[in-house]
Amino acid sequence: MIGRGRLWPKGFTGRVTLVLALAVLVQFLAGSLLMGAGETHIQRQHLGKRIAEQLLIAKRVVEAVAPSDRVPLLTSFSTIHLQMWLVEGEPEIGPGIESDASEIAQSIMLWEPELGDHSLRLALVRRSPLDLDRHLKGALEIDEGVWIAFEANEPVAGWTALIGTSIRVGIVALLVLGSAAVLVRTLSAPLRRLSSDAQLIGTSARISFDEQSGPLELRQVSHALNSMQDRIEGVMNQRTQALMAVGHDLRTPLARLRLRIGAISDEQDCAEARADIDQMTRMLQELLDFFETGDLQKDYQPTDLSSLCQTIGEKFDDLGFDVRYRGPERAIVDALHGSLTRAIENLADNAVKYGRDPTISLALNGGCAIIAVEDRGPGIPWADMRRVMQPFERLDTARSDRYPGMGLGLSIVVNVAEAHGGRLELSRLEPTGLRAALIIPRKQPPEKL
Amino acid sequence: MQFNERIYEIALVEDDGALRTLLTRHIRQSGFPIRGYATAAEFRASAERYDLVILDVMLPGTSGLDLCRWLRQRSTVPIIFISARSSHTDRIVGLELGADDYLVKPVDPGELVARIRSVLRRHEQPAGRDTQDHSAIARFDGWQIDRRRRELFAPDGGRLSISEAEFDLLNVLVDMPQRVIGRNTLLEHSRDRLPGRDSGDRSVDVLVSRLRRKLGSVEGGRELIRTVRGVGYVFTGQVER
């Protein structure tokens with residue numbers, strides 16, 4: 001196991017690339033060694049053959065001419081690859097064949113068997129102590145005490161050859177590794193997409209995972225995630241439907257109660273009972289609105305927000321609150337008329353209940369419409385801003401006790417904002433007050449219209 | 001209850017026995033002869049004798065919506081829905097089927113009677129009857145008013161929001177174009193939804209001024225309603241049905 005060290009990458013691409021890098025490294029080392037060995041072998045055999053041919057010709061020529069002509073003649077046999085000269089007496093290299101050079105000696109003998117009758121000395125020598133390369137040096141005895149000495153100018157396959165091979169193999173290895181990394185990245189793209197999509201499950205919209213493309217395992221995961229969402233959606237829908245049915249069913253007994261309280265003779269009791277029923281009716285309406293706005297049909301129509309805001313303001317005016325409107329005379333936006341009305345009414349309702357000097361303002365800003373409801377009340381502490389937008393959450397103050405509700409008012413607004421592809425923003429006003437801004441795009445995508 | 005010396009008979013189709021009893025008792029006490037039915041089948045047999053039908057939407061077997069459709073194929077009798085469902089969609093579906101009003105349970109008993117009166121009164125008006133015969137949509141100077149869905153559209157297609165009371169008022173004006181309509185007539189027709197429950201001449205003026213301002217946000221819209229000093233208003237639009 002590679003362990004969980006610092007070098008072990010976190011991501012799938014990183015890990016696969018690292019594993020590949022290790023595999024390629026092993027391949028590179030093995031390849032260098034094998035190729036190096038192979039090349040050395042071929043080079044030595046080749047060298048042996050060349051030397052064998054030249055030696056044989058030199059030997060025959062030398063044997064054929066007069067002894068006085070031998071020295072200059074043989075020297076003229078030298079090429080830029082191989083130097084030759086005549087030695088009378090003991091040659092400078094020791095007797096026998098050095099073990100490193102035995103392969104070359106074999107090659108010489110196999111190529112020109114005629115040379116086998118003569119004594120051959122071979123050694124690999126360095127020209128200077130610091131030289132990395134070794135050169136072949138040797139001597140062939142053609143007569144008693146007469147030797148043809150020779151020395152190859154090119155070094156015998158050694159370090160340089162190995163380095164050359166290594167560089168070539170290394171370049172190939174790097175190319176393999178690079179293209180493999182790109183391929184792994186491409187291969188893992190569906191996986192990365194899947195994981196980023198999976199993070200969105202349960203936020204709001206349904207995520208559709210691709211079951212048609214990508215590797216089999218990922219398709220299976222996609223399928224599993226899709227059916228998981230189906231099941232969750234099924235359970236949620238069932239619950240919502242059940243709660244909505246209960247809500248609808250409760251309205252009939254409430255309707256009976258409302259008619260029955262007419263029979264209460266005590267006037268105060270009757271008024272209180274009526275207020276209780278009104279409160280239950282409102283709470284029920286709030287609950288049902290919350291469920292209904294959670295799954296809105298997106299039948300947008302071009303709607304004038306200006307008259308919408310004004311009509312809501314006037315409705316509150318008629319109830320005895322002074323709600324002012326500020327904004328353009330006309331502003332057309334793609335909207336769900338009924339739901340948007342309900343959302344702005346909720347904001348205005350909060351403003352007249354908890355604040356003072358409520359205003360509804362409308363502004364068109366680029367592609368967005370901003371409907372802001374402001375009041376000069378105590379506002380909401382920054383710390384509670386997120387919480388109050390959650391369903392069934394209410395501000396825990398003495399004032400809110402005066403208006404019993406389900407704590408769904410702002411959640412309904414959030415639902416409606418999201419149905420429009422927009423959002424609700426709450427902020428504090430200086431020195432005191434609350435600003436609730438409903439921001440929605442002016443145009444909806446064409447396929448939804 | 002009498003308008004034009006007539007007695008209006010009402011039918012109530014509601015499957016909840018106790019609510020049916022309570023509602024019929026209340027409506028009878030308000031002066032309307034009424035008979036309750038528990039199912040659509042029972043009601044169908046004697047459907048023709050009533051002047052107004054109150055339908056519960058959720059009925060066992062045939063739903064109130066089906067019953068409404070059935071009735072509309074046969075007559076223009078006024079229909080009021082009382083429903084446990086309050087969504088905009090449910091409401092629009094009910095009104096599109098040709099119902100005259102859609103109320104959500106628990107209905108305030110006083111409001112129910114007021115709506116009964118209002119629907120009957122509208123039905124009695126010659127112009128009101130016209131709207132039953134003609135399509136629900138009327139056009140004037142490029143504007144479009146959908147009386148069933150209670151929606152108003154400007155010449156550019158944008159939906160203009162007006163209150164229910166403003167809508168009732170505009171409806172009356174559109175029904176009687178080029179005629180001077182007295183404040184009292186307007187008051188009578190939009191009495192049930194007047195702002196602040198202050199049923200004076202002034203509130204009609206407030207409604208008209210709000211309506212005029214909203215219509216006026218589109219060029220030429222302000223001139224659609226002209227004031228006739230001391231008498232009332234004239235709707236100057238060219239109405240096509």
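Two strands are taken as paired if DSSP finds at least two bridges between them. In this predicted model, strand β8 (residues 359-365) of chain A and strand β9 (residues 368-375) of chain A are joined by 7 bridges. The two strands run antiparallel. Within this pairing, A:Asn365 stands opposite A:Cys368 of β9(A).

Both strands belong to an open sheet of 5 strands in chain A, ordered β6-β8-β9-β11-β10. The pairing in this sheet is mixed. From one strand to the next, the twist averages 20°. The edges are held by β6 (324-326) and β10 (423-428) of chain A. Each has a single partner strand, so one side of each lacks a neighbour in the sheet.

Helices pack on this sheet. Helix α7 (residues 305-318) of chain A lies across β6, β8 and β9 of chain A. Its direction is at about 170° to β8(A). Helix α11 (residues 409-419) of chain A touches β10 and β11 (434-441) of chain A. The angle between the directions of α11(A) and β10(A) is about 130°.

In chain B, strand β3 (residues 52-56) is mostly covered, with 5 of its 5 residues buried. B:Leu52, B:Ile54 and B:Asp56 point one way from β3(B). B:Val53 and B:Leu55 point the other way.

β3(B) pairs with two strands of chain B. Strand β1 (residues 10-13) of chain B runs parallel to β3(B) and is joined to it by 4 bridges. Here B:Ile10 has B:Leu52 as its bridge partner. Strand β4 (residues 79-83) of chain B also pairs with β3(B) in the parallel sense, over 4 bridges. In that pairing, B:Asp56 stands opposite B:Ile82 of β4(B).

At the domain level, chain B is assigned domain 1 (10-124) and domain 2 (135-240). Taken over C-alpha atoms, the centres of the two domains are separated by 27 Å. Their contact takes 9 residues from domain 1 of chain B and 6 residues from domain 2 of chain B. On the domain 1 side, α4 (88-96) and α5 (109-124) of chain B are the elements that give two or more residues. The largest share of that side, 5 residues, comes from α5(B). By class, the domain 1 side has 3 nonpolar, 2 polar and 4 charged residues.

How values were computed: Residues numbered from 1 in each chain as written. Chains lettered and ligands numbered in written order. Predicted model: local features only at pLDDT ≥ 70, side-chain atom pairs only at ≥ 80, totals over all residues. Domains from an automatic or database assignment. Contact = placed C-beta atoms within 7 Å. Nonpolar A, V, L, I, M, F, W, Y, C, P; charged D, E, K, R; others polar. Axes fitted to C-alpha atoms, helices over the stretch in contact; angles between N-to-C directions. Buried ≥ 20, exposed ≤ 12 C-beta atoms within 10 Å, placed from the backbone.
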